[in-house]
Amino acid sequence: MADIRSLARSQTKTAINVLVKIMQSKDATPAARVSAANAVLDRGWGKAAQPSESDNEVPGGPPQRIERHIVNPENPDSESI
């Protein structure tokens, strides 16, 4: 396994050059150019962070209590009916 990894890593410069050529090629499809550009960016800067479900949560966690107050429409300042 280490031999394969070493062999692959020895081709890094060539692989990056190929990706850059595809990225810059006017003959390559737009999808191929975007894919090559993403691969180059990923190798140079790392993959972009993916938002998780917890990123959408309100700070402090979920609400502890939800209340519904029903008011008299004729007297909105009154207490619950």
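Let's start with the order of elements. Along the sequence, this protein reads α-α-α. In total that makes three helices and zero strands. Keep in mind that this is a predicted model.

So how confident is the predictor? The mean pLDDT of the protein is 83. A value of 70 or more is reached by 83% of the residues. Now take the helices. Helix α1 covers residues 2–10, and confidence is lowest there, with a mean of 88. Helix α2 covers residues 12–24, and there confidence is highest, at 95. One word of caution. Where pLDDT is low, the coordinates should not be read in detail.

Next, the surface. How many of the residues count as buried? Of 81 residues, 5% do. The protein exposes about 7800 Å². Carbon and sulfur atoms supply 55% of that area.

Helix α3 spans residues 30–45. The axes of α2 and α3 come within 8 Å of each other. They cross at roughly 140°. Is that antiparallel or oblique? Roughly antiparallel needs an angle over 145 degrees. The two helices are therefore oblique to each other. The crossing is left-handed.

Which residues make the contact? From α2, they are I16, L19, V20, I22, M23 and Q24. From α3, they are A32, R33, A36, A37, A39, V40 and R43.

Is K21 buried or exposed? Its relative accessibility is 62%. The cut-off for exposed is over 50%, so K21 counts as exposed. Now pair K21 with R33. They are 12 residues apart along the chain. Their C-alpha atoms are separated by 9.0 Å. R33 is also one of the α3 residues in the contact with α2.

To recap. The pattern is α-α-α. Helices α2 and α3 cross left-handed, at roughly 140°.

Terms used: Residues are numbered from 1 along each chain as its sequence is written. This is a predicted model: local features need pLDDT of at least 70, side-chain atom pairs count only at pLDDT 80 or more; totals for chains, interfaces and linings use all residues. Side-chain values use heavy atoms; hydrogens and water are left out. Helices (H or I, at least four residues) and strands (E, at least two) are DSSP runs, numbered from the N terminus. Buried means under 20% relative accessible area, exposed over 50%, partly exposed in between (1.4 Å probe, protein chains only). Accessible areas come from the Shrake-Rupley method with a 1.4 Å probe; for residues, only the protein chains shown count as cover. pLDDT is the predictor's confidence in each residue, from 0 to 100. Axes are lines fitted to C-alpha atoms, for helices over the stretch in contact, and angles run from 0 to 180 degrees between N-to-C directions. Angles under 35 degrees count as roughly parallel, over 145 as roughly antiparallel, 65 to 115 as roughly perpendicular and the rest as oblique. A crossing is left-handed if the near helix is turned anticlockwise from the far one by less than a right angle, and right-handed if clockwise. Contact means heavy atoms within 4.5 Å.
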